[in-house]
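I opened the model to look up one residue first, then one interface, then two pairs of chains. My entries follow in that order.

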6 protein chains.
Amino acid sequence: MYEVKVKDNLFIAHSLNDEFFGPAKNLHGATYVIDLIISSKELSEKNVVIDIGLASRLLKECIDVYNYKNLDEIESLKGFITTTEFLACQLTNDFIEKLKDELSNMSKIYSVKMILNESHVASASYEKKI
Amino acid sequence: MYEVKVKDNLFIAHSLNDEFFGPAKNLHGATYVIDLIISSKELSEKNVVIDIGLASRLLKECIDVYNYKNLDEIESLKGFITTTEFLACQLTNDFIEKLKDELSNMSKIYSVKMILNESHVASASYEKKI
Amino acid sequence: MYEVKVKDNLFIAHSLNDEFFGPAKNLHGATYVIDLIISSKELSEKNVVIDIGLASRLLKECIDVYNYKNLDEIESLKGFITTTEFLACQLTNDFIEKLKDELSNMSKIYSVKMILNESHVASASYEKKI
Amino acid sequence: MYEVKVKDNLFIAHSLNDEFFGPAKNLHGATYVIDLIISSKELSEKNVVIDIGLASRLLKECIDVYNYKNLDEIESLKGFITTTEFLACQLTNDFIEKLKDELSNMSKIYSVKMILNESHVASASYEKKI
Amino acid sequence: MYEVKVKDNLFIAHSLNDEFFGPAKNLHGATYVIDLIISSKELSEKNVVIDIGLASRLLKECIDVYNYKNLDEIESLKGFITTTEFLACQLTNDFIEKLKDELSNMSKIYSVKMILNESHVASASYEKKI
Amino acid sequence: MYEVKVKDNLFIAHSLNDEFFGPAKNLHGATYVIDLIISSKELSEKNVVIDIGLASRLLKECIDVYNYKNLDEIESLKGFITTTEFLACQLTNDFIEKLKDELSNMSKIYSVKMILNESHVASASYEKKI
């Protein structure tokens, strides 16, 4: 199994609107340093899992939907508790949709995973098999 | 598959009492920077894998059994070679026991993994499916 | 010259209210992973720069003033552009004030520095000689 | 499942001789910081996945074939596009061959993985089950 | 004293043409992960050391002169031993020249430093006071 | 000012024999991941601060005096509280002595610094001007 990883980051404000989250119930924010990991069982004829420039560009497009924003005011996220786990899933799904639009053939892609590192001591991730 | 990760660390003395380990046969010590990774196939109603505060507290309790101690003098470890692999397994099992005591329902937890980073160039880990 | 360093982190929302900052003019947020560095020309009789437990506790107290908050709504910050540089200075000054209250004698402390890491590619710091 | 990880690094020159790679078509170079990860379902009688000294020595031998060289001039690589993915696969296979020569019994080794970190924002890996 | 840091990276081939360097005498290559650190005794009216977008763009321009190239074939480097120390100095001086062209007033800039991280265990840096 | 940095690590047991240190009064241990930083105002004729191979070898020799040992039983440390600050100073002085024995001319070396990273959240350092 092959994997490639690229990194980028995302700055957002949000509140986790439930007593369960203690002080994180307040409006605050976070930097998510994102590891995007794409895996494949075989390489393309160029000996790559995917064009790394394409992967980086699509990741940036996914990030730009939320970057420098208050998630509490984004229509599509209304009613959701925007935990790190939830955002990892959301961004992974967003990325896969974009990838399907770009690639004529997804058959070589095995899975897509995003790790959202929110501090030096905590992260969450979501991985989806294609 | 979702994962969450939290970090903590553990300071111990020990000796690896076998010629196989060369100079590590002597009484020496190590810092283990621990990555605890908990995975789940679906999120709770709060959109989390697990209450991260609970996971951090239970990890701290597991660490406290060994922290600032000489493992050679801990009764339950007598006769064992306390390699990093062995300790990763021990701490993972300790954590799972505590988790079972705290959670009414473990059915959403898929696996628990601990990575013990012992220097900038070496680590060992153990992962157990629930 | 001796130094000790401890790490902690801070989650905030804010907006940088000036066209100069482009999209960061919007309400968004950040995690600051903070390196607190205290330097001294000589050690105490316990062979330390400072009681590390005390330093960590005072750092946590400084962080708690802003943690899980929207800086735009904190009275003492009204009218300031809360850049990473500005916050590094603010937190360093806050820390020094607390340290003066705790230590009978600051004469051995040479300087206090805080590095605020805001992503995997950017940070800002402020250092003040005592 | 147990894993052990050791780190080393490799300095090479190469060119990726295809328009697909843009400026990387030119002769340039890279440092690959390598994470070698060996996994096993059970430990040896010494409570280890593998003798870490042996693993480090074999990794060094694999690296030495390419270290401080121009890959474009290595006979066995002629005609291949030496992407990070390709090199991860090559080094993993080289390592497994050496391991088979050294170990009388490979039955406890479950898989070998190499992650080649080529910068602070990109890496590629290859994992092979034994 | 304030500092800001931004990171980028550079891929080059070169040879260190002197017996002193052992195997590094051969044509090989390296990734330099670069930390650019700019310090200032006071902030601008926008509460920054420097426009971080400008600093990142100028750093990228400095890198682009050498990126994806064989340093042995760059006219201005002919006859120089292109050690990491030498390149840190070269890039720092290149950056300062560009900065002078862009800023009407350099009086607030105290120093510029570049750290070139060439592996997980080695780096070199150069710092110049303005 | 130029700097070079190399990394290595040290595994020790010790006890900090004073109530001041709480649980660290017990026999325990630590890994110190060591950053050795050597600075110089000008480069040698080979364009280096120092032969990096020499620096790494001398650092290893300094480490070997304490590595895989119980510091409480080392004669020259008897009666000292072996805090991280103290060890950073000890190792820096040991290194400078070795360097003086090896180099005919220390006049280009400006300072030697060692940072002892003892966990993911704490470190101490000592720097000495030559």
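In which helix of chain A is Thr92(A) found? I note that the model is predicted. I located Thr92(A) in helix H2 of chain A, which covers residues 84-102.

I looked up its accessibility next. Thr92(A) has 0% relative accessibility, and because the cut-off for buried is under 20%, Thr92(A) counts as buried.

I then listed what surrounds Thr92(A). Its side chain reaches the backbone oxygen of Ala88(A) at 2.6 Å. With neighbours within four places in sequence left aside, I found Thr92(A) in contact with Val112(A), Lys113(A) and Met114(A), and also with Tyr126(A) and Lys128(A).

I read 22 residues from chain A and 22 residues from chain C in the contact. The two chains bury about 1,700 Å² between them, and 67% of that is on carbon and sulfur atoms. I looked for salt bridges across this interface and the count is 0. For polar contact I have 11 residue pairs between chain A and chain C, both residues at pLDDT 80 or more.

I checked which strands form the chain A side. Strands E1 (2-14), E2 (28-40) and E3 (69-70) of chain A each supply at least two residues to the side that touches chain C. E1(A) gives the largest share, 6 residues. By type, I noted 10 nonpolar, 8 polar and 4 charged residues on that side of chain A.

Last entry: pairs without contact. No contact joins chain B and chain C; their closest C-alpha atoms lie 12 Å apart. I found no contact between chain D and chain F, with closest C-alpha atoms 12 Å apart.

Definitions and conventions. Residues are numbered from 1 along each chain as its sequence is written. Chains are lettered from A and ligands numbered from 1 in the order in which they are written. This is a predicted model: local features need pLDDT of at least 70, side-chain atom pairs count only at pLDDT 80 or more; totals for chains, interfaces and linings use all residues. Side-chain values use heavy atoms; hydrogens and water are left out. Contact means heavy atoms within 4.5 Å. Buried area is the accessible area (1.4 Å probe) that two parts lose on being put together, summed over both. A salt bridge is a side-chain nitrogen of Lys or Arg within 4 Å of a carboxyl oxygen of Asp or Glu. A polar contact is a pair of N or O atoms within 3.5 Å; within protein, one must be able to donate a hydrogen and the other to accept it, and residues adjacent in sequence count only if both atoms are side-chain atoms. Helices (H or I, at least four residues) and strands (E, at least two) are DSSP runs, numbered from the N terminus. Ala, Val, Leu, Ile, Met, Phe, Trp, Tyr, Cys and Pro count as nonpolar, Asp, Glu, Lys and Arg as charged, and the others, Gly among them, as polar. Buried means under 20% relative accessible area, exposed over 50%, partly exposed in between (1.4 Å probe, protein chains only).
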